[in-house]
Amino acid sequence: MPLTFRKSFRIFPGVRLNINKRSMSITTGGKRGPRHTTSTTGRRTTSMDLPGPFGWRSTRSTRRGR
């Protein structure tokens, strides 16, 4: 099993800095409402916990022109 590196720091309430081997990202949002994540690689993700049996839903978009 390969070793992975991932660390998450809470900067402010509702704001997290996530660091892994290849990139860093900032996540804003809390338990309620949508979460927005922006990575240094250009990846942007919006996710939200829907009520009932639906669970987590997310949409992703990446930076074009790379």
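Visitor: What makes β2 and β3 a pair?

Guide: β2 and β3 are joined by five bridges, in the antiparallel sense. Two strands count as paired if DSSP finds at least two bridges between them, so with five bridges β2 and β3 are called a pair. A strand here is a DSSP run of E with at least two residues, numbered from the N terminus.

The model is a predicted one, in which local features need pLDDT of at least 70, side-chain atom pairs count only at pLDDT 80 or more, and totals for chains, interfaces and linings use all residues. Residues are numbered from 1 along each chain as its sequence is written, and side-chain values use heavy atoms, with hydrogens and water left out.

Visitor: How do you know that β3 and β4 pair?

Guide: Four bridges link β3 and β4 in the antiparallel sense, and the rule asks for at least two, so they pair. Ile-26 stands opposite Thr-38 in β4. In the hairpin of β3 and β4, six residues lie between the strands, and Gly-29 takes a positive phi near 120 degrees.

Visitor: What joins β4 to β5?

Guide: β4 and β5 run antiparallel and are joined by four bridges. Arg-35 stands opposite Ser-47 in β5. This hairpin has four residues between its strands, and Gly-42 in the turn has a positive phi of about 100 degrees.

Visitor: Why are β1 and β6 called edge strands?

Guide: The six strands form an open sheet in the order β1-β2-β3-β4-β5-β6, with antiparallel pairing. β1 (6-12) and β6 each pair on one side only, and they are the edge strands.

Visitor: What makes a space a pocket, and how much space lies in the largest pocket?

Guide: A pocket is an open set of points on a 1 Å grid over the protein atoms alone, where a 1.4 Å probe fits and protein lies on both sides within 12 Å along at least five of seven lines. The largest pocket holds about 420 Å³, the space filled by probe spheres set on its points, which are joined across faces, edges and corners.

Visitor: Which residues lie closest to the centre of the largest pocket?

Guide: They are Asn-18, Ser-25, Thr-37, Arg-43 and Thr-45, out of 17 lining residues (those with an atom within 4 Å of a point). β2 (15-20), β3 (24-28), β4 (35-39), β5 (44-50) and β6 (55-61) each give two or more residues to this lining.

Visitor: Which residues line the second largest pocket?

Guide: The lining includes Arg-10, Pro-13, Gly-29 and Lys-31, and the volume of this pocket is about 180 Å³. Arg-16 and Thr-27 also line the second largest pocket.
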